[in-house]
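I hope they are handy when you open the coordinates.

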Amino acid sequence: MSRSTLLRGVTILGAAAIISKLLGTLQKIPMQNIGGDEAFGIYSAVFPIYTLIIFLATAGFPVAISKFVSESLERKDEVEAVQILKVSSIILFLSGLLFFSLLFFGAPVIAKAIDNMHTVKAIQSISIALLFVPVMSAIRGYFQGKQNMLPTAISLITEQTIRVVTMIVLLFFFTSRGYTNDWIAAGATFGSAVGALAGLMVMIVIWTIEKNNLQISSAKFKSNSNSILNISKKLIGYAIPVCLGAIVVPILGIVDSFTLPRLIRVFHGLDESRAIEQFGIYARGLTLIQLVSMIFSSISVALVPLMAQFKLKGQLDTIKIYTELSIRFTWLIGIAASFGLFFCIKPISTMLFENELGTLSASILSFTIVFSVLNIISTSILQGLGSPVIPAINLLIAAVVKVLLNVLFVSVWGIEGAALSTVLAFLVASILNLITLRRKTEFSLKCSNYLMKPALSIVLMGASIYLINYGFQFVFSHVIDELGHRLNATVISLVSVSIGALIYIISLFITLTISEDDLNHMPSLGNKIRPWLAKIKFRK
């Protein structure tokens, strides 16, 4: 397989992943708009549980399947590659069936643990997806092992598109018929099951075409020396360690589901409906954070093989340079996104969620962005350098911190306390990662590059956003008053974010926060923007 073919495949899969994650994140906005905060709260409490179960049922297997299929094809053994797919499909189907049963029939127990029985129907509804997702993951792993990323890309986009469409249709149906919030949330979560079924059907069709092209006779399977038991042992032995490292990520997200509604009820005297409604208002801020983190999750995929390649070649200086560049650029973008959201939180909340409820907790959560993206990028670098367990341990520590701080802060400040504990938990995870990364690579952490120079750019960005907000509010109050508060907020948000970002980027170059040496290490980007930089007299 040529490098160009591999790069094209990774690009296709990366683009599909971005589109898929964007659809998955943006669908939460109509969920809240149509269903309301209580239904959104039920959905937000249930979905992290489903994510964790999916990780338990499948995580590690697609990676293991792609690895062993790739090795089989390297030996020109198509029969073994197909056997790996068949065995893994059986294992994952049984795994999915087991976890479906636990989730569907154990829904009342899980709902009681969340301290909200309104989540029962949503848990049972989303559990149906477990009948389809595991087998779909197995077939995806097979094609990824063949370096053919197109089937996975098509399946990803199909799954998310059908999921979002189904969710919106059911939301309109249940709300128009006057169903309770339990049913509205269950309709939203059922979109995941329908989307998973659609994604599986796509993979089955593509696999059927592939199977017909292979034309492998049953006699060849019988003559193959690898038994089902041996293949099963190989797959499970490789997949379990990967799975254990992967489940830490959803564990951090699930902490709020099991602690926040209960703590709100205990310390603030709210009933189930009001507690889960508060959780929904809190989850508005999480949706905004995920929109930014999604981009970095997609970018981080490229860092793992890049760092692994540098390490294999013994290019320690190159590792040091690119680690510093990656961390510094992540910090510069992350800190701008955090402050930008902080400055614009009221109009953005009104634009997306109809009103300003929860803006204080969302403004606190905005600072999760910088530490979240630092954690994502530093984790990818450490994985590329051969240390995948350390970031998982650090996130587990952060999850413990999150639990303890939730108990301490929510009792006093409610959802604002939960927001603060989230920021501090991600701060802990990112600091621990950076300490490890600094020890391994000795990359530079100059205070001027990370604090002093960016501070001026942040001030300029904040001042421009304040003036834009003030100016538009004056115009809308005294000159134009027919647009409506939500459209007003939309105009203010889009103009503020655009101009604020532009001023921030220009000021980074003017203050030499980003130097010409930095651009020399990124020739494809540097060559495109140098003509523009000449206009602001940028120099080394």
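1. Let me begin with the surface. The protein chain has an accessible surface of about 24,400 Å², and carbon and sulfur atoms account for 70% of that. Accessible areas here come from the Shrake-Rupley method with a 1.4 Å probe, and for residues only the protein chains shown count as cover.

2. A word on the ground rules. This is a predicted model, in which local features need pLDDT of at least 70 and side-chain atom pairs count only at pLDDT 80 or more, while totals for chains, interfaces and linings use all residues. Residues are numbered from 1 along each chain as its sequence is written, and side-chain values use heavy atoms, with hydrogens and water left out.

3. On confidence, pLDDT is the predictor's confidence in each residue, from 0 to 100. Its mean over the protein chain is 82, with 84% of residues at 70 or more. Helix α6 (residues 120-127) has the highest confidence, at 94, and helix α10 (residues 218-223) the lowest, at a mean of 49. Residues 1-7 have pLDDT below 50, and this stretch makes four contacts in the model beyond near neighbours in sequence. Where pLDDT is low, the predicted coordinates should not be read in detail.

4. Now the overall fold. The protein chain contains 22 helices and zero strands; helices (H or I, at least four residues) and strands (E, at least two) are DSSP runs, numbered from the N terminus. Of its 540 residues, 51% count as buried, where buried means under 20% relative accessible area, exposed over 50%, and partly exposed in between (1.4 Å probe, protein chains only). Taking contacts (heavy atoms within 4.5 Å) between residues at least 6 apart in sequence, 81% join residues at least 24 apart.

5. Which residues make the nonpolar surface patch of about 370 Å²? They are Ile90, Phe93, Leu94 and Leu97. Ile90 sits in helix α4 (residues 78-105) and counts as exposed because its relative accessibility is 52%.

6. The structure has 19 aromatic pairs. Rings of Phe, Tyr and Trp (its six-membered ring) pair if their centres lie within 6.5 Å; planes under 30 degrees apart count as stacked, over 60 as edge-to-face and the rest as tilted. Phe173 and Phe174 pair edge-to-face, at 5.4 Å centre to centre and 70° between the planes. Phe173 is partly exposed at 33%, whereas Phe174 is buried at 11%.

7. Phe342 and Phe367 form a tilted pair, 5.4 Å centre to centre with 50° between the planes. Phe342 lies in helix α14 (residues 316-353) and Phe367 in the loop between α15 (359-365) and α16 (368-384), so this pair ties together parts 25 residues apart in sequence.

8. Thr368, in helix α16, is buried at 3% relative accessibility. Not counting residues up to four places away in sequence, Thr368 touches Ile289, Thr422, Val423 and Phe426.

9. Finally, Lys311 is in helix α13 (residues 272-312) and is partly exposed at 45%. Its C-alpha atom is separated by 6.5 Å from that of Leu385, 74 residues apart along the chain. Leaving aside neighbours within four places in sequence, Lys311 contacts Ile319, Leu385 and Gly386.

Key
Patches are made of residues with over 30% relative accessible area and no salt bridge: like charges are joined within 9 Å, nonpolar side chains (Val, Leu, Ile, Met, Phe, Trp, Tyr) within 5 Å. A salt bridge is a side-chain nitrogen of Lys or Arg within 4 Å of a carboxyl oxygen of Asp or Glu.
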